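Subject: Structure for you to look at

Hello,

Here is the structure I said I would pass on. Please open it first, then read the notes below it.

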Amino acid sequence: MKKAVVIGSGIAGLAASIRLANKGFNTRVFEANRYPGGKLTAFQQDDYRFDAGPSLFTLPKLVDELFELCNENPRDYFNYQAINTACVYFWDDGTVFNAPSQPDDFARRAAETFNEPKKNMDNYLSRAERLYRVSSPIFLESSLHKPQNYLRKEVLFALSHIRELALTQTMNQVNESFFSEPKLIQLFNRYATYNGSNPYKAPGVLTMIPHLEHGKGTWLPKGGMHEITLQLKALAERQGVKFQFNAPVKRILTQERKAVGIELQSGAEILADKVFCNMDIVPAYRKLLRGHKAPEKTLNQERSGSALIFYWGIKKQFKQLDLHNIFFANDYKAEFDSIFDQKQIHHDPTVYVNITSKYEKRDAPPGCENWFVMVNAPGDYGGYLPAMIDEARKNIIKKLNSVLQIDIEPLIENESILDPTGIEKKTSSYRGALYGAASNTATAAFLRHPNFSSKIKNLHFCGGSVHPGGGIPLCLHSAKIAVDTLK
Ligand SMILES: Cc1cc2nc3c(=O)[nH]c(=O)nc-3n(C[C@H](O)[C@H](O)[C@H](O)COP(=O)(O)OP(=O)(O)OC[C@H]3O[C@@H](n4cnc5c(N)ncnc54)[C@H](O)[C@@H]3O)c2cc1C
């Protein structure tokens with residue numbers, strides 16, 4: 001039986017291990033942490049449960065697909081509910097917009113709230129749907145690095161829509177061309193943060209992202225986001241995958257330009273026919289592949305943004321809040337300039353509050369809520385000092401107090417904090433980037449590392465730092481593309 005090893009048990013590592021075992025490989029996963037999931041984990045803080053990382057779940061069918069591949073019914077193990085309110089948006093001037101997920105309701109409600117003709121939203125969302133349909137099979141679901149993929153009919157179809165792909169415009173320019181209301185432009189610019197990018201630089205093609213939320217829908221797994229990790233690990237084990245935790249990999253072993261296994265920090269060597277690397281691509285080359293020529297242009301790509309997160313147990317319930325809530329900065333452009341150019345958290349940040357206890361009552365004690373409070377932040381370019389975190393905390397509280405007309409501080413029963421340095425430490429993500437490389441140029445997608453090595457045979461890559469990019473759905477695509485390259 002052929003052997004495969006997977007370095008790391010992030011969502012892409014888990015998915016790759018399931019696909020490899022399903023292909024008949026004797027598969028072993030080596031994980032540096034004592035737990036699986038990488039960024040997709042959870043923890044308990046007194047009586048409050050928190051998902052530590054991702055909170056927005058789209059395209060659940062990509063998780064279901066893994067169960068189906070193994071001839072299992074996903075509903076026997078993994079369930080999720082549709083979320084009807086995509087997000088509640090708040091502005092400092094008192095405007096509140098409860099954004100329905102369903103596109104027609106969204107357009108109608110947005111027209112009422114912002115005095116913008118409904119047809120503008122209808123046109124925008126149907127264009128997002130078209131963009132997704134045209135570009136997803138090429139940019140997201142298959143390798144950009146296999147010449148034969150360029151000869152497919154999907155590529156010709158995309159070329160016929162090349163102008164609509166808006167590769168020469170920024171997201172902000174596209175959004176300004178559709179809407180006159182600055183709040184709606186800001187709302188749609190926010191989708192750049194779904195892959196850690198800057199809407200004032202990211203290409204217009206990314207205006208397809210709202211289709212995921214308002215066309216395909218948003219979901220919450222029963223039991224919280226962490227269930228994705230737990231159920232995929234269990235599925236992998238049922239397929240015969242063996243996991244070893246507390247097992248950091250030190251080196252990828254090669255012979256005559258072929259990967260032949262791995263060496264653990266402990267010194268143990270594990271030989272394999274295929275090596276799958278789920279570690280971030282930058283440390284993978286700098287540490288595991290020392291001595292091999294690295295693709296410097298790819299590794300030096302600008303990193304995506306990171307985040308500063310406060311996990312607060314809140315001893316009160318807020319009727320006006322839902323699962324996803326956004327409190328917008330007044331000057332959005334200044335916030336992105338601050339993050340990407342000055343490498344600082346903006347003094348008036350956009351604050352995201354995620355509250356799973358709205359749907360999962362057991363996540364907080366009665367009368368209380370579990371608040372995951374996140375602001376966009378630059379990666380770690382020289383350390384996050386306690387004073388920087390303190391200042392951000394003060395600014396967040398100032399904003400929440402003013403919009404919610406309440407004093408939040410005395411309601412915070414317990415707290416923990418995760419900053420970009422902590423994200424890098426826990427997952428090896430270079431500079432604590434949430435999504436690998438940023439998509440701040442039209443060519444960024446082409447510069448991401450392929451899902452295989454063209455220099456070292458039998459070496460494959462999956463995860464948020466390689467093609468097609470970060471976020472749960474794209475990581476699941478990356479695992480599929482990586483395993484498909486074995487064909
Ligand atoms: C705060 C936050 C919020 C986010 N929000 C969302 C969201 O709402 N929706 C969404 O879709 N995405 C979101 N993301 C992004 C999403 O979490 C990631 O894109 C995705 O989880 C990355 O998965 P991955 O497979 O690349 O592996 P990672 O999660 O990065 O895990 C890599 C694993 O490899 C292990 N590893 C690394 N090096 C070694 C080694 N040498 N030896 C052994 N093991 C090693 C690490 O310990 C880790 O477990 C968010 C991320 C964060 C941090």
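What volume does the second largest cavity have? The answer is about 30 Å³. Some background before the rest: this is a predicted model, in which local features need pLDDT of at least 70 and side-chain atom pairs count only at pLDDT 80 or more, while totals for chains, interfaces and linings use all residues. Residues are numbered from 1 along each chain as its sequence is written, and side-chain values use heavy atoms, with hydrogens and water left out.

Cavities

A cavity is a set of points, on a 1 Å grid over the protein atoms alone, where a 1.4 Å probe fits but cannot get out; lining residues have an atom within 4 Å of a point. Grid points are joined across faces, edges and corners, and a volume is the space filled by probe spheres set on the points. Searching the whole structure gives two cavities of 30 Å³ or more.

Around the second largest cavity you will find Phe-50, Asp-51, Asn-354, Thr-356, Asn-370 and Phe-372. Strand E4 (48-51) and strand E17 (369-377) are the elements that give two or more residues to this lining. (Strands, E, have at least two residues and helices, H or I, at least four; both are DSSP runs numbered from the N terminus.) By class, this lining has two nonpolar residues, three polar and one charged. Here Ala, Val, Leu, Ile, Met, Phe, Trp, Tyr, Cys and Pro count as nonpolar, Asp, Glu, Lys and Arg as charged, and the others, Gly among them, as polar.

The largest cavity holds about 50 Å³ of space. Its lining includes Glu-302, Arg-303, Phe-340 and Tyr-381, and divides into five nonpolar, three polar and three charged residues.

Ligand

Which backbone atom lies 2.8 Å from an oxygen atom of the ligand? That is a polar backbone atom of Gly-464. For Ser-55, a polar backbone atom is 3.0 Å from a ligand oxygen. Taken alone, the ligand exposes 1,000 Å², of which the protein buries 95%; accessible areas come from the Shrake-Rupley method with a 1.4 Å probe.

Regards

Notes: 1 Å grid on protein atoms, 1.4 Å probe; cavity = no way out; pocket = protein on both sides within 12 Å on 5 of 7 lines; lining within 4 Å. Polar contact = N/O pair within 3.5 Å; in protein donor to acceptor, adjacent residues only side chain to side chain.
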